[in-house]
Amino acid sequence: MNMDKNGIILKIENISKRFEGVHALDGVSFSVKKGQIKALIGPNGAGKTTMLNVISGLVPPDKGNIYFKDNDITGQPPNIIASLGMGRTFQLIRLFTINEATVMDNLLIGASLTLKPGILKSIFLSGRVKRQETKLKDKALEILNFVGLSGKEGVLPSALSFGNQRLVELARALMMDPKMLVLDEPASGLNDMEVENFKGLLLSLKDRGITMLIVEHNMKLVMDIADDIVVLDFGKKLAEGSPKEVCANPEVIAAYLGTKDKNGDGVLCSK
Amino acid sequence: MNIMERLKKAWWILPAVILGIIPLIFKEKSAYVSGILIFAGIYIILAVGLDLLMGYAGQISVGHASFFAIGAYSSAILTVKYGISPLLAMFFGMFLSGLIAWIIGRPVLALKEYYLAMATLAFNEIVITLIIEIEWLTGGASGLKNIPSFSLFGFTMKNNLHYYYFVWFVVFLVVAMTIAIVKSPMGRTLIAIHSDEVAARTFGINSTKYKTGIFVLVNVFASVAGSLYAHYMGFIAPDDFGVSTSVNMLVMLFLGGFGTIYGPAIGALFLKILPELTYFFQDYELLINGVILIIVLVFMPKGMYGIFVAMKRKIGFSRE
Amino acid sequence: MKKFLIFILLLLFVGLSATNIGYAQKPTGEPYVIGGIFPLTGYLSWLGEYKKKGSELKVELINEADGINGRPLKLVIYDDQSSPEQAAKIAQRLISKDKAIAMIGTASVPISGAVASLANKNSIPAIIGSGYEVNPEKDRFVFNTAHKTDFAVARPFQYFKEKGITKLALLMPIGSLGELGSTLARKYAPSYGITIVGEEKFDVKAPDVTAQLAKLKTLKPQALFSFCTGEPAALVARNMAQMNMNIPVLVSHGNANPGFLKLVSNVNVPIIVPAGRAAAPDAIPDSDPCKKVIAAFNKRHIAKFNEPANYYSAEMVDAIAIIAEVLKTTKGATGEKLRDGIENLKNFVGMQGIYNFSPSDHHGTVLNDMMVFEVKEGKLHMLLK
Amino acid sequence: MGEYSHLFQFFFSGITTGSIYALIAVSLVIVYRVSQLICFSQGEFFVFGALFMATLISKGVSLPLAFVISLFGSMAMGGFLQWLLIRRIQGSSIGNLIVMTIAIFLALRGLALIIWGRESYVVRPFTESQPITFMGASLQLQVFWIAGITVFVLLLIWFFFEKTMLGLAMRACAENPLGASLMGISVNRAAFFAWAWGAAIGAIAGMTICPLLFTQYTSGVMPMVKGFIAMSIGGLSSIMGSVIAGLMLGLVESYTIGLISSKFSDAIVFTLLILVLLIRPSGLFNSQR
């Protein structure tokens, strides 16, 4: 294996996954290059979220292999995969809310890999832990500032708007200094302005060298930012290529839309 | 660091002073009062540990008394049958409890919610059955008697006052350790696991390891409580370590305030003092205790500690 | 919230003002306080009630008769909830808060163990009534008015020997009583020519014991020994009847009370119950000195509670009578003096027998104070004289 | 042949206890299905049903009438408790719900102590006759009543959940509370009926089983704990599963006692439960997931 040399950070090989007899994924292969934004699209039930769950280790695949940064991560638990530098967000927001955990608490939990919490450590080395934490708090403030949530660190997540909760999720994932971000429908439920804002954030993250794999239904967003697109349908890979290539693929249009609009042009590529 | 912060850090001074002078206030009745407070202290250790496990890590246990029993019986058996010193026996109990917790923790904590509740309940029953059946070692259902008083470096605790100060010293130690954990990144990690274990794992949190670790720690606490209990009582029997004791601890947790550490301590104190006040109701005692608990649960969802916090806020000591 | 606080305050107020219930007072002077530790709730609660009633009445009678040298007795009763821990707390409370000079009560071995531990530590005599075997060397301050559990096994075995029963099966409840029964059966079987053919255990809360009985039935025993009290004993007998096991079943000495007789009223299996005289006063001869004591007490007991005293209440009545007797002659009721007084008490006629205490015997009664009865048509019939 | 009669007796013994466990497990499952709550006070409905019926009979009321009165009384009690208490804390954490039902348990037990005192009550079997003997093993007739009533209750539940509007609504609530409330089905109303039903079935269990037992105010704990085990093995929400698990549990217990050891039978049963939970965390008979 020599992914690094080819500039490939994530390689998916022939992944299959069945749920109670239904093929959620059926022999899917693709790879993600370092620094690019790759989008994973497809109709509902195409297996996109399952793909992300397999990649981040929440669901073990039945067949196939996954390599991340030259490591075989097939079937590894999510915490190991995360420790290699993969962060993710969820389609349905999953912030930590128990015991009045604040936005800052959520961000600091995101930094668990740096903090390496431990029972004995927290009892006997409380001073050192405190100093480390102070540093991370500064970093958290910086990140909150970056996503546009400065001043919200002491707020309970439930008190934030839906759009802002999405931003907290992103900020929390950034706390782990990810090499790669896996984002599951980050723009769903956001209004147009928030989508624009989010787009800006993602592009500036790309500038910072963070690779991204995005599942998204908002095609305008996908077409604007994706370098590369993979199309899934019924668990199979239908097409792969640049936004333009994918747009032009009649199979994709047929499968993805079922119907075409009046001009014979898919809504997929309205621009 | 300003004065307010310094004061907040010294949370323990006021209760320590109060507890320190209680025996002086009650004078001739001090043996009685300290006797109750010794039991209360022992249960605070148990309740605070259970809160760390349930209120923070989110792992339900309806069998917390099982490790209380293991600690008590380790101490009792080693001192009575093998003549080992109480302190060593206590350490052995801690080690044994930790080991058992570590072995069963991994598989059992993979269970969720009610299934976990049932498994812990079953474990409690198994421990009790074993204690009853391994009669040659444990004294069976009749119990073990003549357990020697606790002694530390040659000093034997002869009366209630000695025990009182010693038990409460341990209580403060346990509470301080628990607070240190809760306030540290470890506490947040537990909250994350409680809140959403799957999400927590995607941030590199090895939830199995942390759950098992906390399970081991709180059961070591429970074991210490058991040792203190055995040496103070001088006599132990399986009757006091059954599921009903575990259920009592749950009640302390929710009465005092779930997930607040101080709350369960208040709950334990309250529940150990309440019977002293409702004795007079005789047959009505059970009903009254049940009704009080219902009222607290319905009207004070955050427990007794919730009232305390609300009152503090009203006077102006806002949090943070 | 406010309402709740008011409720709590009210509760405390009522609680604190309603002080001790359960003693009558006529003589003046500083009362002697005796602490009563009874299981009024929990799984032993049915026992506790008998003990409470009997001891309350006894104190009432003593105070009616001008107390002890003009000073009244005062009985302070608390509920141990059938739990050793609670019993220990109560004992502590009685000793340090209520300043009790002696304690009575308890109904199980573990609870007695907890109370004994505190009695010894504080040098306050405790006269208990349970299967707890008192070892006077270690339990310096503990006495037991219940007959030695040994008697409850040895005496019926004597009857078995007379009847030529040599093959005995054990069906023991899980718990302290069952353990004792099993140990004692093995201890006494050889001396009465009895072979134990098999042993099974059962949970006292189980709804059915036919599985255990079926297993024992295959061993063809001539009698069954199930050392349990109340509901489980009745269940064993009922299941035996169901399975046509028509051999005598020996149950514990705790069963000689109207409650149990009612439970087994329609069970056709010979049930053998060892018990003290108080359980069946009609069955004992008039020449017995205890009969008068029992009859006198029962008269009042029936008048007050509509039922005669029984084996359990008798233990506590005797305990109070013993304390009262010793107090009459003891100047300054310290724990040590009381203990010595009890240890020197000889030929004291109680309801349970004639007590002869000594520094090496804290039970005071003898084997022949235990009677053996058979349950027939809801009544007890004496088998051994 | 007589040599092997004890093997049949183990079977009958297992069926007797198993049918008891099954009936109680069903009453627990009913409450769980609708309000996602394991009711720690279920044993008290058992006690109230049995003792209330025993009292009525001793006052000269005929058995069937006493049964019906006691049944409706318990139903009302269950509904009332839901309306008064459970409704107010619906949606809080599992621990909170458990402790609330424990509080109800304490209060009800205290109430039972005040009403019925400490003595045990005996109720005569529904049909008075000699036990049935088969191959030298005997079975009490009451077991047929228990089995029959269990089947009847199961049919009733099936009819209720499958054929009536209210039942379908309750099922909808159980499967998707949020969706159900969006569809205009009141989760509260469904929970109210679930509690009424649960209490009624708990009481039926108590009334049917009490002729085999000696019932007093503390008698509720054993059946409840065994009911928990049966329902956990059955998968918490499966009614048929809990019935089968209950019977299995009874048989395992009696054969353990008969063939292995009566000393450790409880430990063995509880270990079995833990193993089942570990190997199939959602129960043996749960088809979902």
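Across the interface of chain B and chain C, the rule finds two salt bridges, a salt bridge being a side-chain nitrogen of Lys or Arg within 4 Å of a carboxyl oxygen of Asp or Glu. One of them joins B:Glu133 to C:Lys201, with the closest N and O atoms 3.2 Å apart. Please keep in mind that this is a predicted model, where local features need pLDDT of at least 70 and side-chain atom pairs count only at pLDDT 80 or more, while totals for chains, interfaces and linings use all residues. Residues are numbered from 1 along each chain as its sequence is written, chains are lettered from A and ligands numbered from 1 in the order in which they are written, and side-chain values use heavy atoms, with hydrogens and water left out.

How many residue pairs are in polar contact across the interface of chain B and chain C? The rule finds 15, both residues being at pLDDT 80 or more; a polar contact is a pair of N or O atoms within 3.5 Å, where within protein one must be able to donate a hydrogen and the other to accept it, and residues adjacent in sequence count only if both atoms are side-chain atoms.

Turning to the extent of the interface, the contact takes 41 residues from chain B and 48 residues from chain C, contact meaning heavy atoms within 4.5 Å. Chain B and chain C bury about 3,900 Å² between them, 60% of it on carbon and sulfur atoms, and buried area here is the accessible area (1.4 Å probe) that two parts lose on being put together, summed over both.
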